[in-house]
Amino acid sequence: MEKKFDLLKVIRIVVVIVLLAIVVYEAMMIYRDQKEYKTADNEYESISNKYVRDAGVKKAEETADDANSDDNNADITYPDLEINFEELKSVNSDFIGWLYFPAVDVSYPVVRENEINQYLYTTFEGKSNKAGSIYMDVLSYSDFTGYSDMLFGHNMKNGSMFGSLKKIYQSKDEDILADNPYIYVYTEDGVRIYRVFAYYITTDGSYSYTEVTNEKEYEDYISYIKKNSIYTFPEDVSFDGCPSLLTLSTCQGQSGSGKRFVVHSVFLKKA
């Protein structure tokens, strides 16, 4: 009887030790992740402070490159960010532009990958980090003029990178895009202004990620988006002439679930 009691006592001690080890391990992983997140945040904050200056707001004048040109878009203004393209390219030669999505506080340099997932866990300055970079798909056009260009970013727990995109559908009592549904891409050739027209949850490898190479595929793609969008299509947006699309994609839900959240926008004009 005494031996049985001693055995139970030993088992309890072992269980407690194992549980404590798990708690310590999880705490260490959380600390490591938070430290890594902070390192990435510091890097991107430093980049923004060094190479970007907010010079106020400008009105987007009419140009020959405009799409969706109508009275509703005639008075679009845009944040006048002065980007030091030369210096940013000296830091990373894959730099192609600066992404600014004010409705969800997204403001990052964009790189174009040369091979699949090149920047998945590599920061703009080339450091290994879970935050990675905001990067363009290898099949997209580096000047953002493809039928459908795509940008990827991690859904970071601290809301950095594309972690704040979830605010779009989580704000059930408020449409945070109502006042400012625009995405801005700053390139050496000018500021490209896009209008968000759809968003929804999908899965990795779905038709949302298809390569669009011609007008017929473009029309099919728009039809697919309309069927899946949980956002009411703006009535003043036209797809006549196949204006360039820009899609932002990030992970959704638990890691490994294969779910993705995508935000589709359409090119309006260049400033």
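C251 is partly exposed, with a relative accessible area of 33%, where partly exposed covers the range between buried (under 20% relative accessible area) and exposed (over 50%), computed with a 1.4 Å probe on protein chains only. C242, in turn, counts as buried at 15% relative accessibility, and a search of the whole structure finds zero disulfides, a disulfide being a pair of cysteine sulfur atoms within 2.5 Å. The model is a predicted one, in which local features need pLDDT of at least 70 and side-chain atom pairs count only at pLDDT 80 or more, while totals for chains, interfaces and linings use all residues. Residues are numbered from 1 along each chain as its sequence is written, and side-chain values use heavy atoms, with hydrogens and water left out.

**Overall architecture**

- The protein has four helices and 10 strands, these being DSSP runs numbered from the N terminus, with helices (H or I) of at least four residues and strands (E) of at least two.
- Along the sequence, these elements follow the pattern α-β-β-α-β-β-β-β-α-β-β-α-β-β.
- The protein has 271 residues, of which 45% count as buried.
- Among contacts with a separation of 6 or more, 64% are accounted for by residues 24 or more positions apart, where contact means heavy atoms within 4.5 Å.
- The protein exposes about 14800 Å², and carbon and sulfur atoms supply 50% of this area, as computed by the Shrake-Rupley method with a 1.4 Å probe, with only the protein chains shown counting as cover for residues.

**The nonpolar core**

- The largest nonpolar core holds 71 residues, and L99, F101, I168 and L248 are the members that touch the most other members; such a core is a set of buried Ala, Val, Leu, Ile, Met, Phe, Trp, Tyr and Cys residues joined through side-chain atoms within 4.5 Å.
- Strand β8, spanning residues 190-203, gives the most to this core, with eight residues.
- Leaving aside residues up to four places away in sequence, the residues that L99 touches include V106, Y108 and V110, together with I134, L151, F162 and L248.

**Strand pairing**

- Strand β3 (residues 95-101) and β4 run antiparallel and are joined by six bridges, two strands being taken as paired if DSSP finds at least two bridges between them.
- Within this pairing, Y100 stands opposite S107 in β4, and in the hairpin of β3 and β4, which has four residues between the strands, D105 takes a positive phi near 60°.
- On β4 there is also a parallel pairing with β5, made through three bridges, in which V110 has I134 of β5 as its bridge partner.
- Because five of the seven residues of β4 are buried, this strand is largely enclosed by the rest of the structure.
- Strand β1 (residues 52-59) pairs with β2 in the antiparallel sense over six bridges, and the bridge partner of D54 in β2 is L81.
- Strand β2 (residues 77-83) is likewise largely enclosed by the rest of the structure, because five of its seven residues are buried.

**Loop residues**

- N117, found in the loop between β4 (106-112) and β5, has a phi near 65°, a positive value in a residue other than glycine, and counts as partly exposed at 42% relative accessibility.
- M161 also has a positive phi, of about 55°, although it is not a glycine; M161 is found in the loop between β6 and α3 (167-170) and counts as buried at 2% relative accessibility.
- Y141 has its place in the loop between β5 (134-136) and β6 (148-152), where it counts as partly exposed at 49% relative accessibility.
- Not counting residues up to four places away in sequence, Y141 touches M136, G146 and D149, while the C-alpha atoms of Y141 and I96, 45 residues apart along the chain, are separated by 10.0 Å.

**T250 in strand β9**

- T250 lies in strand β9, which spans residues 245-251, and counts as buried at 4% relative accessibility.
- The side chain of T250 reaches the backbone oxygen of G153 at 2.8 Å, and, not counting residues up to four places away in sequence, T250 touches G153, H154, N155, F162, L165, R260 and F261.

Note on methods. A polar contact is a pair of N or O atoms within 3.5 Å; within protein, one must be able to donate a hydrogen and the other to accept it, and residues adjacent in sequence count only if both atoms are side-chain atoms.
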